[in-house]
Amino acid sequence: MEASPKDFLKLHFIVFLWGFTAILGNEMTIPATDVVMYRTALASIVLAGFMYFKSKTFQVNRVDMMPLVLTGFIIAIHWFLFFESARVSNVSVSLAGMATTTFWTSLIEPLFNKRKIRMFEVILGLVVISGLYVIFRFEFNNALGLGLAMASAFMAALFSVLNGKMTHKLSQYTITFYEMAAAAIGIAIFIPFYKYFFLAETATYALPTTRDWGLLLILSVVCTVYAFSASVELMKRITAYVVNLTINLEPVYGIILAVIIYGENEEMSAGFYYGTLIILGAVLSYPVIRRSQRKALERKKKLGLG
């Protein structure tokens, strides 16, 4: 089934919501690990209630359960690295590092789908990275935050490709429920080790504040249950590469929001805007290139050359 313009508009709205998540996570008083644990636990509880009242199936066979659990763990790592990146640097660095998702996807997706690497996808991924370099060539004092964000981008590419395969077997609600539950359990097991080895001096446990709970509900229900389920459903018609290419707009949406909310603390140099234009060029050129390739292939077939 071909994707409609409405599908792409919905995808951009989802990416806009994801651009807001770094700000929500940055506003909370609890560690990044706890943000992920509460986010995924609340999301799985809310989704379980929705599925129960809507009579959606929870049934999954053993063969499919293991990939769902594994993908849930990968999602937990992705979100932890994402929020931690914003904490050690700032929201802008974290979001811009996520632009490398396209490059990672161009390498990972062909391996899982057993197809040849499309050179133009790799080139577009490299163009995105060049845009990232232009943005941060004078700001490598944020190297740790940028590195964490790029590692998060790799995890995002990996779980997107894995979900792209699962969407043809299970509903988006079933996939999201089990992945959120697995992510919550995985990060809960990881938290004691992380706090002992990395936060030894500040490892005292504190519950979220009332404001934190409000932000967590927005993060869990709107930016996770809705956005994640909708994105999984869209992957039935849109490839993981196109989804992740569009996700490159996440830093654009997110940084604009961050500048509006935080003001001068998030304002970037002129290099940011040049880099953003490069990233936008890569995003917008993909459908044009794919369309021209399809037309060329159709012409070859008509001529008996294909």
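Predicted model: local features only at pLDDT ≥ 70, side-chain atom pairs only at ≥ 80, totals over all residues.

Trainee: Okay. What does the secondary structure of the chain come to?

Mentor: It comes to 12 helices and zero strands. Read from the N terminus, the elements run α-α-α-α-α-α-α-α-α-α-α-α.

Trainee: And what does the C-alpha trace span along its principal axes?

Mentor: About 70 × 50 × 30 Å.

Trainee: How does the radius of gyration sit with a compact globule?

Mentor: It agrees. A compact globule of 306 residues would have a radius of gyration near 19 Å, and the chain has 20 Å.

Trainee: What share of the residues counts as buried?

Mentor: Of the 306 residues, 53% count as buried.

Trainee: Switching to charges. How many salt bridges does the structure hold?

Mentor: Three. In general, side chains of opposite charge can pair when their charged atoms come close.

Trainee: Take R237. What does its side chain meet in a salt bridge?

Mentor: The side chain of D7, at 2.9 Å from N to O. R237 lies in the loop between α9 (210–234) and α10 (240–247), and D7 is in helix α1 (residues 5–26), so the pair ties together parts that are 230 residues apart in sequence.

Trainee: Are R237 and D7 buried or exposed?

Mentor: R237 is buried, and D7 is buried too.

Trainee: Next one. Which residue does E27 form a salt bridge with?

Mentor: R211. The closest N and O atoms are 2.7 Å apart. This pair also links distant parts of the chain: E27 is in the loop between α1 and α2 (32–53), R211 is in helix α9, and they are 184 residues apart.

Trainee: How do E27 and R211 score for accessibility?

Mentor: E27 has a relative accessible area of 26%, so it is partly exposed. R211 has 48% and is partly exposed as well. Exposed would need over 50%.

Trainee: Which residue pairs with D64?

Mentor: D64 forms a salt bridge with K169, and their closest N and O atoms are 2.8 Å apart. Distant parts of the chain are linked here: D64 sits in helix α3 (residues 62–88), while K169 is in the loop between α7 (143–166) and α8, 105 residues apart.

Trainee: Is D64 buried or exposed?

Mentor: Buried, with a relative accessible area of 5%. K169 is exposed, at 51%.

Trainee: Why does K169 count as exposed at that value?

Mentor: Because exposed means over 50% relative accessible area, and K169 has 51%.

Trainee: On to the surface. Which residues form the nonpolar patch?

Mentor: I185, I189, F193, Y196, F197 and F198. Together they have about 780 Å² of accessible area.

Trainee: Where does Y196 lie?

Mentor: In helix α8, residues 172–198. Y196 is exposed, with a relative accessible area of 60%.

Trainee: And the positive patch, what forms that?

Mentor: R291, R294, K295 and R299. R291 belongs to helix α12, which covers residues 270–302. At 45% relative accessibility, R291 counts as partly exposed.

Trainee: What about A270? Where does that lie?

Mentor: In helix α12. A270 is partly exposed, with a relative accessible area of 45%. Check V134 too: A270 and V134 are 136 residues apart in sequence and 9.6 Å apart in space, C-alpha to C-alpha.

Trainee: Last topic, backbone. What is the phi of S55?

Mentor: Positive, about 60°, although S55 is not a glycine. Most residues other than glycine have a negative phi.

Trainee: Where is S55 found?

Mentor: In the loop between α2 and α3. S55 counts as exposed, at 67% relative accessibility.

Terms used:
Residues numbered from 1 in each chain as written. Heavy atoms only, no water. Patch = residues over 30% accessible without salt bridge, like charges linked within 9 Å, V, L, I, M, F, W, Y side chains within 5 Å. Areas by Shrake-Rupley, 256 points an atom, 1.4 Å probe, with all protein chains shown as cover. Salt bridge = Lys/Arg side-chain N within 4 Å of Asp/Glu carboxyl O. Lys, Arg positive; Asp, Glu negative; His and termini not counted. Charge placed at Lys NZ, Arg CZ, Asp CG, Glu CD. Helix = DSSP H or I, 4+ residues; strand = E, 2+ residues; numbered from the N terminus. Buried < 20%, exposed > 50% of the residue type's maximum accessible area, 1.4 Å probe, protein only. Rg over C-alpha atoms; globule rule 2.2 N^0.38 Å.
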